[in-house]
Structure formats: C-alpha cells, structure tokens
Amino acid sequence: MKAMVLGRAAPMEAKPLALEDRQGAEPGPDEVSIDVEACAVCRTDVHIAEGDVPARLPIVPGHQAAGRIARVGARVEGFEEGDRVGVGWMASACGLCGFCRTGRENLCEEATFTGRDRDGGFAEKMTARSEWVYRLPEGFSAAEAAPLLCAGIIGYRSLRLSGIEPGGKLGLFGFGASAHLAIQVALDWRCEVFVFTRQQGHRELALRMGAVWAGGAEDDPGALLDAAVTFAPAGALVPSALARLSRGGTLAINAIHMSPIPSFEYEKLAGERAVRSVMNSTRRDGDEFLALAERIPIRAATELFRLEDANAALLSVKKASVRGAAVLATR
Ligand SMILES: [Zn+2]
Ligand SMILES: [Zn+2]
C-alpha cells in the first residue's frame with residue numbers, strides 16, 4: 001500500500017513527506033483495519049511535519065481519515081467489514097485516570113494521537129482502536145466526511161467551551177477548515193457570527209456562508225461579542241480578540257501550538273472575561289458533533305489533492321490559502 005511518511009521534521013517548503021510502498025498492518029484484537037478513501041489535512045499535521053509538535057518518527061501523519069472497515073480484530077464488537085467509518089485525532093486514552101473516569105479523556109496524560117504516536121491516514125490503509133472509531137454520518141462522501149473528524153469535532157468543542165448561547169454574538173478569528181465548519185453549527189444555533197481574518201478569500205467565503213460581518217482582527221465590527229474562538233496559531237490575536245469581548249465573555253483558543261501571547265493591559269481581561277485553551281476532544285464531542293453534522297447537514301468546502309501531493313496540500317494549509325479543507329483522496 002502507498003503511504004506518505006515523515007522521516008524527519010523539516011519546513012513544509014522542503015517537502016518532508018516521502019511516498020513509500022508498505023505492507024498494510026493487521027488489526028490487533030481491539031483494533032480494526034480500514035481501507036482509507038480520504039484523509040483531510042489539519043494544521044496540526046503541519047506542526048508535526050515541521051517539528052513544532054514532536055511525533056514518533058518515522059510516522060504516517062493524518063488524523064481525519066474516512067473509509068471502510070477491511071478487517072475486524074478478535075475482541076471488537078459493534079463493527080463489521082464494509083462499515084463506513086472515520087478516525088480522528090484521539091487514538092487512545094488510559095480509561096483509568098481521574099480524567100478518563102469523569103468523561104474528560106481528552107485531558108488524559110496517557111492519551112495517544114493518530115498520526116503522531118501511531119500511523120495515521122495519509123495512506124491507503126491504517127489500523128485504529130475500535131473505541132475511537134466513528135461511524136460516518138449518512139449522506140456524506142468520504143471526502144466530505146473527513147474534515148468533520150478533527151476540524152469539525154474540535155471546532156464544536158471550542159464552540160461549547162466558549163460558552164456561546166443560542167442567538168448570541170460570536171467571533172471567529174481565522175477562517176480555515178475548522179472555522180468554516182463551526183460557523184455552520186453557530187448559524188444552526190441562530191448566532192450572529194463575526195469573522196476576523198486577513199485573507200480576502202476567507203472573508204468572502206464567510207459572508208457567503210452567513211456571517212453578518214467579516215474584516216481584520218484590528219477592525220471594529222461595531223458590536224461587542226458574547227464569546228469568541230481563535231483558530232489561528234498567532235498569539236498576537238489573543239489581546240485583539242479580548243478587546244472585542246463583552247463583559248463575562250470567554251475566548252476559547254483552538255490551537256495545539258501557538259506563538260507567544262504578547263503582554264496586555266489587565267483592563268482587557270477585567271469584567272470577568274476569560275481566556276481558555278481547548279485540548280483534543282472527548283468521545284462525546286465526536287458523537288454529538290457527527291449527529292449534528294448529519295441533521296443540519298454540515299457541508300465542508302473541500303480542495304482535493306492526490307495522496308502523492310500531500311506536501312503541497314500541507315503547504316497550502318500552512319499558507320492558509322485553502323478555501324475550506326484540504327483533503328487527500330487516497331484511492
Ligand atoms: Zn487536527
Ligand atoms: Zn486516562
């Protein structure tokens with residue numbers, strides 16, 4: 001099977017992923033093997049390829065894989081060959097620690113991650129632990145479903161942690177793969193959505209999708225926000241976003257890696273404003289979001305790349321030049 005493998009981290013411009021022909025792995029007793037049909041690209045894949053997020057090397061990156069079950073391990077229940085499934089960022093959690101026992105397995109210190117600690121979906125085949133495999137929603141092709149699996153699920157968690165209420169004023173800072181899915185949930189909740197991004201193409205997409213306003217991070221949208229989520233890995237956005245928040249508002253940071261946050265006046269945080277980070281996702285986030293995606297239904301804008309062109313796809317994500325989500329079509 002073909003796989004795009006990261007042997008050594010390097011800037012995306014140096015094309016660190018290389019095509020390899022590999023033996024597909026057999027599933028362990030608690031695992032399934034999957035014929036991958038599509039795998040979406042996440043900014044985290046760029047951070048892994050460039051070494052900002054350390055990974056086990058060599059590694060096959062990719063943690064938004066959609067396809068069909070090829071083989072089922074001996075102890076797996078609830079899945080059969082041919083089932084349409086997806087795999088996201090969480091690959092395992094210990095199941096025993098205080099976090100795992102209280103439904104916060106996203107915080108488990110022993111958690112492992114797809115495409116960082118075990119081989120992921122930039123390949124024709126992969127294996128995954130069955131408790132972290134999701135059934136794909138009905139009515140979605142593999143390419144349409146793939147971006148839901150991290151961009152969608154963790155975007156949904158970010159909305160939840162921002163505390164946005166139905167009908168509230170929501171700010172989205174950055175408008176890549178995750179934000180363009182989150183806006184569809186926010187609009188379903190009848191929120192007014194304000195989008196802050198440097199990219200003119202992203203502003204146009206946001207307005208077309210239903211944002212009431214789109215502009216730059218330093219522009220004044222003329223209203224204070226009840227909550228905001230920042231999706232861009234730029235720490236300088238944090239004080240800018242806080243300055244747009246109403247009293248009592250929360251800024252949720254959806255980023256695994258971020259440049260340093262510049263210092264700012266206490267007044268920007270005063271008035272019970274809060275800044276909080278978002279880490280990974282729980283199984284419940286995934287189940288809730290995928291049900292929501294099927295009901296709304298959420299439509300991902302996708303830009304397709306061949307598996308062999310993974311370096312180009314990751315470079316596009318790094319430059320934020322993709323409208324919607326970059327997806328590798330793996331077969
Ligand atoms: Zn991701
Ligand atoms: Zn745990």
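The following paragraphs lead from the overall fold of the protein chain to a few of its individual residues.

This is a predicted model, in which local features need pLDDT of at least 70 and side-chain atom pairs count only at pLDDT 80 or more, whereas totals for chains, interfaces and linings use all residues. Residues are numbered from 1 along each chain as its sequence is written, chains are lettered from A and ligands numbered from 1 in the order in which they are written, and side-chain values use heavy atoms, with hydrogens and water left out.

The protein chain contains eight helices and 17 strands, where helices (H or I, at least four residues) and strands (E, at least two) are DSSP runs numbered from the N terminus. Along the principal axes, its C-alpha atoms fill a box of roughly 55 × 45 × 35 Å.

Contact means heavy atoms within 4.5 Å, and among contacts between residues at least 6 apart in sequence, 70% join residues at least 24 apart.

Turning to the cysteines, the structure holds zero disulfides, a disulfide being a pair of cysteine sulfur atoms within 2.5 Å. Cys-108 is buried, with a relative accessible area of 7%, and Cys-150 counts as buried at 7% relative accessibility.

His-47 lies in helix H1, which covers residues 43-50, and is buried because its relative accessible area is 8%. Leaving aside neighbours within four places in sequence, His-47 is in contact with Asp-52, Val-53, Pro-233, Ile-256 and His-257.

Ala-274 belongs to strand E15, residues 274-277, and counts as partly exposed because its relative accessibility is 30%. Not counting residues up to four places away in sequence, Ala-274 touches Leu-245, Gly-249, Thr-250, Leu-251 and Leu-269. Pro-221 is 53 residues from Ala-274 in sequence and 20 Å from Ala-274 in space, C-alpha to C-alpha.

Conventions. Buried < 20%, exposed > 50% of the residue type's maximum accessible area, 1.4 Å probe, protein only.
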